[in-house]
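These are my notebook entries on one protein model.

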Amino acid sequence: MYKYLLFDADNTILDFDLAEEKALRETLSLSPLGFTEEVHRRYHIINDLEWKKLERGETTRERLRVDRFSNLFCEFGMDGDRYGKDAADIYAERLSHQSQLIDGAAEVLQRLSQRYKCYIVTNGITEIQRSRMAGTGLERYITHSFISQEMGCAKPSPVVFEMVFEYIGDSDRSAYLVIGDSLTSDIAGAAAAGIDSVWLSDGRSELPTYRVGALKELYKILE
Ligand SMILES: [Mg+2]
């Protein structure tokens with residue numbers, strides 16, 4: 001009954017945790033701070049705080065991009081204003097080269113794209129996400145990628161999915177299936193838009209229509 005599979009990118013198709021770690025390691029190694037486990041740990045704490053601020057509307061995505069580094073430098077007694085922006089730019093550039101895949105992603109896209117139209121719907125920065133997807137060599141299986149920055153709205157807003165319906169030209173919600181790892185953005189967004197969803201997680205929740213622990217388990221639902 002499904003025709004269109006709407007895959008999230010980060011930690012669903014692309015291994016964001018690995019990509020972030022590599023890009024951070026390279027960025028901080030080039031900075032006066034250097035890369036240590038302590039710096040790495042503090043970065044994650046600061047980054048999480050900035051994302052919470054963004055969710056509450058207390059900052060913007062562009063400010064978050066730089067502030068997480070400026071604040072990190074400040075915390076270690078350095079001039080955040082001086083080093084923050086450079087680090088943010090280097091990080092974005094390094095991240096855009098990271099195309100590591102989640103287990104099974106290549107096979108699943110190759111196989112399911114023979115039967116369904118596959119799309120990417122991702123919250124992220126256009127240039128970085130396009131470059132990372134291009135690096136996977138899997139774009140031939142993807143009909144189109146929808147990226148929040150160029151759409152002007154992000155999951156969990158149901159507006160994202162309304163825009164997807166409009167682009168595809170099919171407003172029959174029962175034809176769509178969202179596949180993602182985030183309960184609060186992918187699954188909540190799908191629920192708000194009235195679309196079925198698959199939660200890629202080991203967790204428990206009533207919100208998704210289905211739950212899988214690994215991508216290849218999608219075959220049980222879709223074949
Ligand atoms: Mg994700």
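The entries below record what I looked up, beginning with the sheet and ending with a pair of helices.

**Entry 1: the sheet**

I noted at the outset that this is a predicted model. I then asked in what order the strands of the sheet lie. I found an open sheet of six strands, ordered β3-β2-β1-β4-β5-β6, with parallel pairing. At its edges I recorded β3 (144-147) and β6 (210-212), each of which pairs on one side only.

**Entry 2: strand β1 and its partners**

I next examined β1, which covers residues 4-7. With β4 (residues 176-180), β1 forms a parallel pairing over four bridges. Within that pairing, Tyr 4 has Tyr 176 as its bridge partner, and Leu 6 stands opposite Val 178. With β2 (residues 117-122), β1 again pairs in the parallel sense over four bridges. Here I found Tyr 4 opposite Lys 117, while Leu 5 has Cys 118 as its bridge partner.

**Entry 3: strand β2**

Is β2 mostly covered or mostly exposed? I found that β2 is mostly covered, since five of its six residues are buried; a residue counts as buried if 20 or more other C-beta atoms lie within 10 Å of its own. I also followed β2 to β3, with which it pairs in the parallel sense over four bridges. In this pairing, Tyr 119 stands opposite His 144 of β3.

**Entry 4: helices α8 and α9**

I then turned to α8 (residues 158-168), whose axis comes within 8 Å of the axis of α9 and crosses it at roughly 65 degrees. Because angles of 65 to 115 degrees count as roughly perpendicular, I described α8 as roughly perpendicular to α9. The crossing of α8 past α9 is right-handed. On the α8 side of the contact I listed Pro 158, Val 160, Phe 161 and Glu 162; on the α9 side I listed Gly 189, Ala 192 and Ala 193. I classed the residues of this contact as five nonpolar, one polar and one charged.

Notes
Residues numbered from 1 in each chain as written. Predicted model: local features only at pLDDT ≥ 70, side-chain atom pairs only at ≥ 80, totals over all residues. Pairing = 2+ DSSP bridges. Helix = DSSP H or I, 4+ residues; strand = E, 2+ residues; numbered from the N terminus. Axes fitted to C-alpha atoms, helices over the stretch in contact; angles between N-to-C directions. Parallel < 35°, antiparallel > 145°, perpendicular 65-115°, else oblique. Left-handed = near helix turned anticlockwise from the far one by under 90°. Contact = placed C-beta atoms within 7 Å. Nonpolar A, V, L, I, M, F, W, Y, C, P; charged D, E, K, R; others polar. Buried ≥ 20, exposed ≤ 12 C-beta atoms within 10 Å, placed from the backbone.
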